[in-house]
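I am opening a notebook on a structure that is new to me. The entries below record what I looked up, one topic at a time.

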Amino acid sequence: MNLVTGRCIWITGASSGLGKALAEQLADAGNFVIVSARSYSPLTELALRYPGRIKALPVDVSRNMDLKDTENKIREITDYVDMVICAAGICEYEDNLSFNPDIYERTFDVNFFGVVRTLKIALPLLKKAQTRPHFIAISSLSSCIGLPRAEAYGSSKAALNYFMDSLRVDLSHIDIDLSVVRPGFIATKLTKQNDFAMPLMMAPDVAASRIIREIAHRKYSIDFPRRLSWPLRLCRFFFSAWCAWVAPKITRIHQW
Ligand SMILES: NC(=O)c1ccc[n+]([C@@H]2O[C@H](COP(=O)([O-])OP(=O)(O)OC[C@H]3O[C@@H](n4cnc5c(N)ncnc54)[C@H](OP(=O)(O)O)[C@@H]3O)[C@@H](O)[C@H]2O)c1
């Protein structure tokens, strides 16, 4: 049986929701986990609950990140990492088609460029991994098809999917595994703002154990729950029908 244990793992977005649940389960499984996010106290609370197994490293993955400083701080903790999980993410909706560039810039800054920055810092440490290195990006099922108000969030995750695909091609001769995880709805701070039906919503610990099970097998594409991902794929295949029949029922825009 494949297990994720005995590794040194860096998780961004670990102060709440999915990232926190991943950190707890991976620490329980006998890994050493470095947890990052902007908020200091939830990270230190985690580190106090898991002495010697979880270490807090406050990091902002946005343009505010000081790359050199972050690199130095992580090197004070470890000189290698086996696995990196990029779970830091934000969601802002495009209400009323304002096309306010700030919404797009903030969303891409964390969800897309945050992953690029994390990889830049992690790469030298992944090269020194003690086991076969693994780089994991948390995307979203919402990137599979055009959804209402998701112009910024969905496209930042779609850009992330392409980044990972392209990276997979360029790293095909290199000793590293990549995974792109596209979960459906998870009950976290991020989805609290949603005022629409969220079918097949999962608890963060359920989503985290599913991800850990799949990354243990080093799967590249991890889409779940299947009862949501397969219908969405089918709708993507029949996108014109989706736009003709479903879109008018789900959009909130009725006039320019
Ligand atoms: N919830 C869902 O339904 C769902 C579905 C599909 C995919 N996802 C993805 O899953 C990931 C985790 O989201 P979640 O649902 O667990 O939401 P969450 O509870 O809001 O967690 C988001 C995490 O990202 C961190 N973060 C935000 N901005 C950051 C920044 N600039 N630098 C560093 N860390 C930052 C937050 O911590 P701080 O605020 O302390 O920085 C927090 O730890 C996200 O990438 C999200 O897009 C979520």
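Predicted model: local features only at pLDDT ≥ 70, side-chain atom pairs only at ≥ 80, totals over all residues.

**Aromatic pairs**

I took up one of the pairs, phenylalanine 112 with phenylalanine 163, which is edge-to-face, with 5.8 Å centre to centre and 80° between the planes. I noted where the two partners sit: phenylalanine 112 is in the loop between helix H4 (101-111) and helix H5 (113-126), while phenylalanine 163 belongs to helix H6 (residues 151-170). They are 51 residues apart, and the pair links distant parts of the chain.

**Charges over rings**

Which residue lies over the face of tyrosine 93? I found arginine 149 there, at 4.5 Å from the ring centre. I recorded another case at phenylalanine 239, where the charged end of arginine 236 sits over the ring, 4.5 Å from its centre.

**Phenylalanine 185**

Phenylalanine 185 is in the loop between strand S6 (177-183) and H7. It counts as partly exposed because its relative accessibility is 23%, and buried would need under 20%.

I listed what phenylalanine 185 touches, not counting residues up to four places away in sequence: Thr191, Asn194, Phe196, Met198, Pro199, Leu200, Met201, Met202 and Leu228. I also looked up its separation from glycine 6, which is 179 residues apart from it along the chain; their C-alpha atoms are separated by 30 Å.

**Nonpolar cores**

I asked which residues have the most contacts inside the largest nonpolar core. That core has 35 residues, and the ones in question are Ile11, Val35, Ile54 and Ile85. For isoleucine 54 I left aside neighbours within four places in sequence and found contacts with Ala23, Ala27, Val33, Val35, Leu46 and Ala47. Another core, of 31 residues, lies apart from the largest one; Leu57, Val59, Leu126 and Phe163 are among its members.

**Helices H5 and H6**

I checked how H5 and H6 meet. Their axes come within 10 Å and cross at roughly 35°. Val115, Val116 and Leu119 of H5 make the contact with Leu160, Phe163 and Leu167 of H6. I sorted these contact residues by type and counted 6 nonpolar, no polar and no charged.

**Backbone notes**

I found a cis peptide bond running from phenylalanine 224 to proline 225, with omega near -5°. Proline 225 is placed in the loop between strand S7 (221-224) and helix H9 (226-237).

I then looked up positive phi values in residues other than glycine. Phenylalanine 99 has phi near 50° and is found in the loop between strand S4 (83-86) and H4. With a relative accessible area of 48%, phenylalanine 99 is partly exposed. Leucine 200 has a positive phi of about 55°; its loop runs between helix H7 (189-192) and helix H8 (204-216). I put leucine 200 down as partly exposed, because its relative accessibility is 30%. Leucine 200 had already come up in these notes as one of the residues that phenylalanine 185 touches.

Note on methods: Residues numbered from 1 in each chain as written. Heavy atoms only, no water. Phe/Tyr/Trp six-rings, centres within 6.5 Å; stacked < 30°, edge-to-face > 60°. Helix = DSSP H or I, 4+ residues; strand = E, 2+ residues; numbered from the N terminus. Lys NZ or Arg CZ within 6 Å of the ring centre and 35° of its normal. Core = buried A, V, L, I, M, F, W, Y, C linked by side-chain atoms within 4.5 Å. Buried < 20%, exposed > 50% of the residue type's maximum accessible area, 1.4 Å probe, protein only. Contact = heavy atoms within 4.5 Å. Axes fitted to C-alpha atoms, helices over the stretch in contact; angles between N-to-C directions. Nonpolar A, V, L, I, M, F, W, Y, C, P; charged D, E, K, R; others polar.
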